[in-house]
Amino acid sequence: MLGILLAQPDAVVVVHDPFIAEGAWLNAVKRKIWYIHGAFAFTLDVTKFPQPLFAISNYPPAKPHPSWRNIFIAPVNLGIDCDKYKPMGVTKTGKLIIGIVGRISEEKIPLYFFDFIDKFNAEHPDHNFEFHFYGRGLADSAFYKAFFERARTTLNFYYKGFVEPAEAASIYATFDCLIVPSTSESGSFVIVEAQSCGLRVYALNRDGIPYHMAANSVLCRDYDEMFKRLEYFKRKDAAMVAPLIRAQIVAKYGLVQWAYKLDLLAEMASFI
């Protein structure tokens, strides 16, 4: 849900995630900085808002609105503790577990995504996959209720609850791979965390998603391609590329980048 938060009369922070720690960012950025969390922000006509001096984004936008032309955009990587998010050496047997982690909302897991699971079940009745979804949403929303109605009628799809941060790495360890149904992302900790744990990620080629994908993960143009690629998933192949995926993520998103991001915010704020 779009929120335009006014920290001071000449400050605007654009936030796209109702669960983000909004107060922490507002305290950090002070005036005239936009911290972009949500790819939609780059579609906005900036002239309709107080003009930022610069913006901080989790990815460099390819085609921002023309009004962004004269605004400096500093891409700063997401950062995670790669000692916390790492492979746990779990030997996997039995069903292939396809993990899905995210907010229960229309853009993160649209209802028509279930149609593709139904189609996959129908075309491959003997497949060995289970889809395990972890996430939460606004319980009183119409979409939340529709999601669970649809989930209950979808074979091989299981809602497993919400992932607490302290448990995330152990949850990723139960997955054979991760799929990301989201139709829009600027920065996704789930994508980065899962790859740090050595998981191959299958995601749509949208917005900032390609920027956060390791070379051995899989970008898909649509859900059709995503499920076609899943047909060929093999546990043995995934184990072979897991160290490569983790190495790429550690190099780009290690804890040092997160510390740098916070330092950068503080330094920028001090000049205003």
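## Report on a predicted protein chain

D207 lies in the loop between β10 and β11, where helices (H or I, at least four residues) and strands (E, at least two) are DSSP runs numbered from the N terminus. The model is predicted: local features need pLDDT of at least 70, side-chain atom pairs count only at pLDDT 80 or more, and totals for chains, interfaces and linings use all residues. Residues are numbered from 1 along each chain as its sequence is written, and side-chain values use heavy atoms, with hydrogens and water left out.

Although D207 is not a glycine, its phi is positive, at about 50°. D207 is partly exposed, with a relative accessible area of 40%; buried means under 20% relative accessible area, exposed over 50%, and partly exposed in between (1.4 Å probe, protein chains only). P210 belongs to the loop between β10 and β11 (218–220) and is partly exposed, at a relative accessible area of 28%. When residues up to four places away in sequence are not counted, P210 touches N205 and L219, contact meaning heavy atoms within 4.5 Å. P210 and E185 are 25 residues apart in sequence, and their C-alpha atoms are 9.7 Å apart in space.

**The chain and its confidence**

The protein chain contains eight helices and 11 strands. Of its 272 residues, 51% count as buried. Its accessible surface comes to about 13,200 Å², of which 57% belongs to carbon and sulfur atoms; such areas come from the Shrake-Rupley method with a 1.4 Å probe, and for residues only the protein chains shown count as cover. Among contacts with a separation of 6 or more, 63% join residues 24 or more positions apart.

The chain averages a pLDDT of 82, and 79% of the residues score at least 70; pLDDT is the predictor's confidence in each residue, from 0 to 100. Among the elements, strand β1 (residues 3–5) has the lowest mean pLDDT (37), and strand β9 (residues 177–180) the highest (98). Over residues 1–31 pLDDT stays under 50, and the model has 72 contacts beyond four places in sequence for this stretch.

**Helix α5 and the helix pairs**

Seven of the eight residues of helix α5 (residues 189–196) are buried, namely V190, I191, V192, E193, A194, Q195 and S196. These buried residues pack against β6 (96–101), α4 (168–172), β9, β10 (201–204) and α7 (235–253). Just after α5, G198 takes a positive phi of about 90°.

Two packed helices are described by the angle between their axes and the distance between the axes. Axes are lines fitted to C-alpha atoms, for helices over the stretch in contact, and angles run from 0 to 180 degrees between N-to-C directions.

| Helix pair | Angle | Axis distance |
|---|---|---|
| α2 (113–123) and α3 (142–152) | about 5° | 11 Å |
| α5 and α7 | about 125° | 7 Å |

Helix α2 is therefore roughly parallel to α3, and α5 and α7 are oblique to each other; angles under 35 degrees count as roughly parallel, over 145 as roughly antiparallel, 65 to 115 as roughly perpendicular and the rest as oblique.

In the α5 and α7 pair, V192, Q195 and S196 of α5 meet I245, R246, I249 and Y253 of α7. The residues of that contact divide into four nonpolar, two polar and one charged.

Technical notes. Ala, Val, Leu, Ile, Met, Phe, Trp, Tyr, Cys and Pro count as nonpolar, Asp, Glu, Lys and Arg as charged, and the others, Gly among them, as polar.
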